[in-house]
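Colleague: I would like to go through the labels attached to this model and the cut-offs behind them. Can we start with the loops and then turn to the helices?

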Amino acid sequence: IGVVYYILGELRKALEYFEEALKINEKIDNHEGQASQLGNIGIIHYSLGKLRKALEYYEKSLRVAEQIDNFQIQAQILGNIGVIYATLDEPQKALGYQQKALGLAEKIGNFEIQAKALGNMGIVYQSLGESDKGLECLEKALELDKKTGNLAGQAEELANIGAAYGNMGNPQKALGYYQRAREIFVKIGAK
């Protein structure tokens, strides 16, 4: 139910349901459920702009996921922590967490998380002025999104590649990527 409220943008209501689900998972000693709900609570706090609070919940989620050797949750949470550090303008920490997320995602063969981590790394490298490294990561992410059929991911990567080419002083190439991204966003009904 929390996910539905999150999708509807009713974050406070989503938070209530995620907190209730966390209590239930703690009561029945379901560690995977606990890690998942802690991560969900972190996402809500991130969405509310409470970055430090989100970080606190992500770290709790990560600890639980590590205890039960759940590499998928670990990779997702490491990526989320990396996004927070990028938002806090701590690019080196952001890259470190994204690289850890990428490593775990490669270990378990999760292409979706790999693409997310590479896309996030590409954006961070761009912010550091390392355009070539950023572009390389974004192009790898795009290939993985194509491999998995993730149209939203493809559109995001295309838009980010367009931004990279714009930053590199190539507006024509940037425009081409933006147009391709727009076509996909329209196709999937993104707002």
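Colleague: Where is aspartate 29 found?

Modeller: Aspartate 29 lies in the loop between helix H2 (11-27) and helix H3 (31-47). Helices here are DSSP runs of H or I with at least four residues, numbered from the N terminus. This is a predicted model, in which local features need pLDDT of at least 70 and side-chain atom pairs count only at pLDDT 80 or more, while totals for chains, interfaces and linings use all residues. Residues are numbered from 1 along each chain as its sequence is written, and side-chain values use heavy atoms, with hydrogens and water left out.

Colleague: What is phi of aspartate 29?

Modeller: Near 60 degrees, a positive value in a residue other than glycine. Most residues other than glycine have a negative phi.

Colleague: What makes aspartate 89 exposed?

Modeller: Exposed means over 50% relative accessible area (1.4 Å probe, protein chains only). Aspartate 89 has 64%, so the label applies. Aspartate 89 sits in the loop between helix H5 (71-87) and helix H6 (91-108), and its phi is near 60 degrees.

Colleague: Why is H7 called roughly antiparallel to H8?

Modeller: The axes of H7 (residues 111-127) and H8 (residues 131-148) cross at roughly 160 degrees and come within 7 Å. Angles over 145 degrees count as roughly antiparallel, so H7 is roughly antiparallel to H8. The axes are lines fitted to C-alpha atoms over the stretch in contact, with angles from 0 to 180 degrees between N-to-C directions.

Key. Helices (H or I, at least four residues) and strands (E, at least two) are DSSP runs, numbered from the N terminus. Angles under 35 degrees count as roughly parallel, over 145 as roughly antiparallel, 65 to 115 as roughly perpendicular and the rest as oblique. Buried means under 20% relative accessible area, exposed over 50%, partly exposed in between (1.4 Å probe, protein chains only).
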